[in-house]
Amino acid sequence: MLEKFKVKTFGCQMNVYDSQKISEIFFDLGYKNTFIDQEADFYVINTCHIRNKAKEKLYSELGKIYKIKKNRNKKNRNTIVIVAGCVAQAEGEEIFKRAPFVDIVVGSQSYQKLPHLIKKIKNKIKNKKFVELDFEPKSKFDHLPKNKYIHEVSSYLTIQEGCNKFCKFCVVPYTRGPEYSRSVKEILNEAELLVNNGTKEIILLGQNVNAYHGQDLNNKECNLGKLIYILAKIKGLKRIRYMTAHPKDMHDDLYKAHKNVEKLMPFLHLPIQSGSNKILKAMNRNYSVEEYLKIINKVKEFRKDIVFSSDFIVGYPGETKEDFQKTLDLIDKVKYVQSFSFIYSPRPGTTAYNLKDNLKESEKKRRLSVLQNKLRFYQENFNKNFVKKSLNVLFSNSINEKNYQSLGYSQYMQLVRINNKKDMQGKIEDIKIKKSFYKSLEAVSLN
Ligand code: SF4
């Protein structure tokens, strides 16, 4: 009987991409995937350090896995427990002390070593634990499986990793290391493989995706704008998106790509974090609100119908009522159509960790709620605009119950649902919208 693996993923799109790669390592070794905890001979947790209490979440998850491992042991079935990702990178061997039943700890830049580690474990080096935490992004991408086992209509493709910006609240520069860009050749090969396997949309990923500076096909430095032109030539690829962009790294080729490359979707996630220059400076974001707004206007000049989303941190140490009001004013100016917003929470290891917190929790919650209501207002209004109008939707998912229910995304990244007799998976169509909601839209059925 084939041995089975399960990968549980926490966190961002980059972690989702990494988890797919980890799964492909297992497929390449001949293992089978399972979604049932008790069936997993290999249980991988791919951790994320961005959200609050990441460490606690890992150990609480490990508590559940320990019970599973114990139960399976009673039936003479072994479970190899693997902790991967950013918390693995940050915690390292510490994980074995708190959870001695973990077998392998592997950082976010060294999971390509899993085949080797699995082989060692399989060779029964009794009670031996393995830890790999090197920052070797080049070697990681070089050694990942070249075969494709997961087929998706919309696929992530990591082109850049790590960050040199050191925003004071962020752990990424410590857990993912310095900026690294893959070569155009490597990216092109992976993109073509995805498209040959049914992908219609590629979402280019990077912690600082627009800081991309990989080597082009003539051994010269490329940038994200130029890369988009190259990828757009792939026949069969219908849509391109990128995330997460940093305002400081917007560049002329990228602005031009928004104008000239039809496949580049008119939706840009451009985090600002705060609308106050004082707070932006305290965060070490390296741009002012005025500069940010200039960028927004410039992108709009190049692509008239582009819409924006952003990230906001509420209650950063030192944030006054006036600072918070400035964030609300900025939202009124940009009218974001989607956003992620959180109360600031200090992350161990970051420079902001020891800053004095001047705000009561209740006030932070109040500010978050005010901010989210405003964001909701703009998102709902934006969605309402499309009732009785058409949106271009790529359907990535279909559930066949009595009829099909298909889910897809519009060019503006709105979730669209349609109930149909027809299976829409993989189709891109102009669809008339019937109803709008806060976070989604319902389309008129086609039959
Ligand atoms: S730009 Fe700032 S927030 Fe983004 S990954 Fe780098 S350090 Fe973190």
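Two strands are taken to pair if DSSP finds at least two bridges between them. In this predicted model, strand 10 (residues 201-205) and strand 11 meet that condition, since five bridges join them and the two run parallel. One of the bridges links Leu-204 to Tyr-242 of strand 11.

These two strands belong to an open sheet of three strands with parallel pairing, in the order 7-10-11. Strand 7 (154-158) and strand 11 (239-243) are at the edges; each has a single partner strand, so one side of each is left without a neighbour in the sheet. On average, and with direction ignored, neighbouring strands of the sheet are turned by 25° against each other. In general, the side chains of a regular strand alternate between the two faces of the sheet.

Two helices are placed against this sheet. Helix 1 (residues 13-28) lies across strand 7, strand 10 and strand 11, and runs at about 95° to strand 7. Helix 8 (residues 184-196) also packs on the sheet, where it touches strand 7 and strand 10. The direction of helix 8 makes about 165° with that of strand 7.

The peptide bond from Met-243 to Thr-244 is cis, with omega near 0°, and Thr-244 is found in the loop between strand 11 and helix 10. Asn-219, in the loop between strand 10 and helix 9 (224-232), has a positive phi of about 60° although it is not a glycine. As a rule, most residues other than glycine have a negative phi, and most peptide bonds are trans.

Helix 10 (residues 252-260) is in contact with helix 12 (residues 289-302); their axes come within 8 Å and cross at roughly 35°. From helix 10 the contact involves Tyr-255, Lys-256, His-258 and Lys-259, and from helix 12 it involves Lys-298, Val-299 and Phe-302. Three of these residues are nonpolar, one is polar and three are charged.

A further unit is formed by strand 13, helix 13 (residues 321-334) and strand 14, which make a right-handed β-α-β unit. Strand 13 (residues 307-314) pairs with strand 14 (residues 338-343) in the parallel sense over six bridges. Within strand 14, Phe-342 is the bridge partner of Ile-313.

The helix of this unit, helix 13, packs against helix 14 (residues 361-384) at an angle of about 10°, with the axes 10 Å apart. Angles under 35 degrees count as roughly parallel, and helix 13 and helix 14 are therefore roughly parallel to each other. Helix 13 contributes Phe-324, Thr-327, Leu-328 and Ile-331 to the contact, while helix 14 contributes Arg-367, Leu-371, Lys-374 and Leu-375. The contact comprises five nonpolar, one polar and two charged residues.

Five strands form a closed barrel that runs 15-16-17-19-18, with mixed pairing. From one strand to the next, the twist averages 50°. Arg-417 has Glu-442 as its bridge partner in strand 19.

Key
Residues are numbered from 1 along each chain as its sequence is written. This is a predicted model: local features need pLDDT of at least 70, side-chain atom pairs count only at pLDDT 80 or more; totals for chains, interfaces and linings use all residues. Helices (H or I, at least four residues) and strands (E, at least two) are DSSP runs, numbered from the N terminus. A crossover is right-handed if, with the strands pointing away from the viewer, the path from the first strand over the helix to the second runs clockwise. Axes are lines fitted to C-alpha atoms, for helices over the stretch in contact, and angles run from 0 to 180 degrees between N-to-C directions. Two residues are in contact if their C-beta atoms, placed from the backbone, lie within 7 Å. Angles under 35 degrees count as roughly parallel, over 145 as roughly antiparallel, 65 to 115 as roughly perpendicular and the rest as oblique. Ala, Val, Leu, Ile, Met, Phe, Trp, Tyr, Cys and Pro count as nonpolar, Asp, Glu, Lys and Arg as charged, and the others, Gly among them, as polar.
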